[in-house]
Amino acid sequence: MGFIEAIFSAGAIVMKAIRTVNQITKTVHQVTKNYINNIVDERFQERAKENQTAPSPTPVTVNIQIDIKKIDLEETELEKKRARDGLLKRTDLEKLEELKKQSDDQFEQWQKAKTQEVVAEQAKNPDAYETSFLNNDKAHILQFHMGQVVLEKRCGCGRPMFLQHKNRPDGSLFMLNDFFGSCIGYYNHPNTQCKGTQKFGTQDISLMHKANVFELKLSNLELHKSFAPRPVQIMVIDRVREHLKVENSDVLCPIHHVPMVLREKRNHLDVVVDMFYLQCPHFGCQQLVKLKSVAQIAAFLHHKEGRGIL
Ligand SMILES: [Zn+2]
Ligand SMILES: [Zn+2]
């Protein structure tokens, strides 16, 4: 892809090296807009062709998610059978392979459709978006989009990589170099685990994101400080808890591609950034995304309620 590094399902685009096009942010924003308009034209034409054969009022991504869930149910049935009987007949094994392939294919379609939706939305509503260059002051903007993205690059083992960052359970401020790419095999059982990581190039990266998110208008430090008062934290904990066991359609399991579900850690010390995580609901799946920063919690609430933490 080159120009576009990653697309977040919440409607942001990460771009690399546009700073070299022009040093002035305002112009860069314009360049970005023009670029997006160009790809949108092509994509709209593609979509127009598709729509002639299958008109659908619901977003394509929603329909694909429904299909993926159906496939997942079938897979689960076979996997449970295998867990119960210790093995599967050859025909069942073949069926399982086929289902996994179908699910991966559908996910590819989902990614394409999602890109199209995000890009089209930005083209339709250019003023609703802002472009920010990443620096330590804006690390939270990247964090806001964590868990929603699978990077273009692959791990040495062939599996996709997702955006991850170091833990800071002491509550200190996150910095840009805390971020890295992590193999989706990280949460696997020990025999198939992969701890592969990759540097996440934070040089000359800009992010086009929604302008109406209040938390993103603040600096990293300001956001950090505004969340410090305990009453603010308590209110946020209560709000997040309302969504326990509910799925988040913005964060999909990188293996099963179904929406992850909100859970609360069993033994936590009441520290907001170390209490909640999203987990894949698939039978026996170990994939999870920890909500370990203020920005991620803001993003979660924003997705669920249209309002972040402030
Ligand atoms: Zn790997
Ligand atoms: Zn999973």
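**Close-up views of a predicted model**

**View 1. E75 and its partner K100.** E75 is buried, at a relative accessible area of 3%. The model is predicted. The side chain of E75 meets that of K100 in a salt bridge, 3.7 Å from N to O. K100 lies in helix α3 and E75 in helix α2, so the contact ties together parts 25 residues apart in sequence. K100 is partly exposed, at 30% relative accessibility.

**View 2. E74 and K95, a salt bridge between helices.** The side chains of E74 and K95 meet at 3.5 Å, N to O. This pair links distant parts of the chain: E74 sits in helix α2 (residues 60–85) and K95 in helix α3 (residues 90–124), 21 residues apart. E74 is partly exposed, with a relative accessible area of 37%. K95 is also partly exposed, at 38%.

**View 3. The salt bridge of D274 and K265.** Their side chains meet at 2.9 Å, N to O. D274 is partly exposed at 32% relative accessibility. K265 is partly exposed at 31%. Elsewhere, salt bridges with shared partners join E75, E79 and K100 into one network.

**View 4. The zinc ion (ligand 1) and its cysteine donors.** The SG atoms of C155, C157, C183 and C194 lie 2.3 to 2.4 Å from the ion. The site is tetrahedral, with angles of 103 to 117° among the four donor atoms. Along the chain the donors follow the spacing C-x1-C-x25-C-x10-C. C155 is buried at 10% relative accessibility, whereas C157 is partly exposed at 40%.

**View 5. Strands β10, β11 and β12.** Four bridges join β10 (residues 259–264) to β11 (residues 276–279), antiparallel. Three bridges join β11 to β12 (residues 288–290), also antiparallel. Y277 in β11 stands opposite R263. In β12, the bridge partner of Y277 is K290.

Methods:
Residues are numbered from 1 along each chain as its sequence is written. Chains are lettered from A and ligands numbered from 1 in the order in which they are written. This is a predicted model: local features need pLDDT of at least 70, side-chain atom pairs count only at pLDDT 80 or more; totals for chains, interfaces and linings use all residues. Side-chain values use heavy atoms; hydrogens and water are left out. Donors are N, O and S atoms within 2.8 Å of the metal (3.2 Å for Na, K and Ca); water is not among the atoms, so sites may look incomplete. Four donors count as tetrahedral if all angles lie between 85 and 135 degrees; four count as square planar and six as octahedral if opposite donors are over 155 degrees apart and all others between 65 and 115; anything else is irregular. Buried means under 20% relative accessible area, exposed over 50%, partly exposed in between (1.4 Å probe, protein chains only). Two strands pair if DSSP finds at least two bridges between them. Helices (H or I, at least four residues) and strands (E, at least two) are DSSP runs, numbered from the N terminus. A salt bridge is a side-chain nitrogen of Lys or Arg within 4 Å of a carboxyl oxygen of Asp or Glu.
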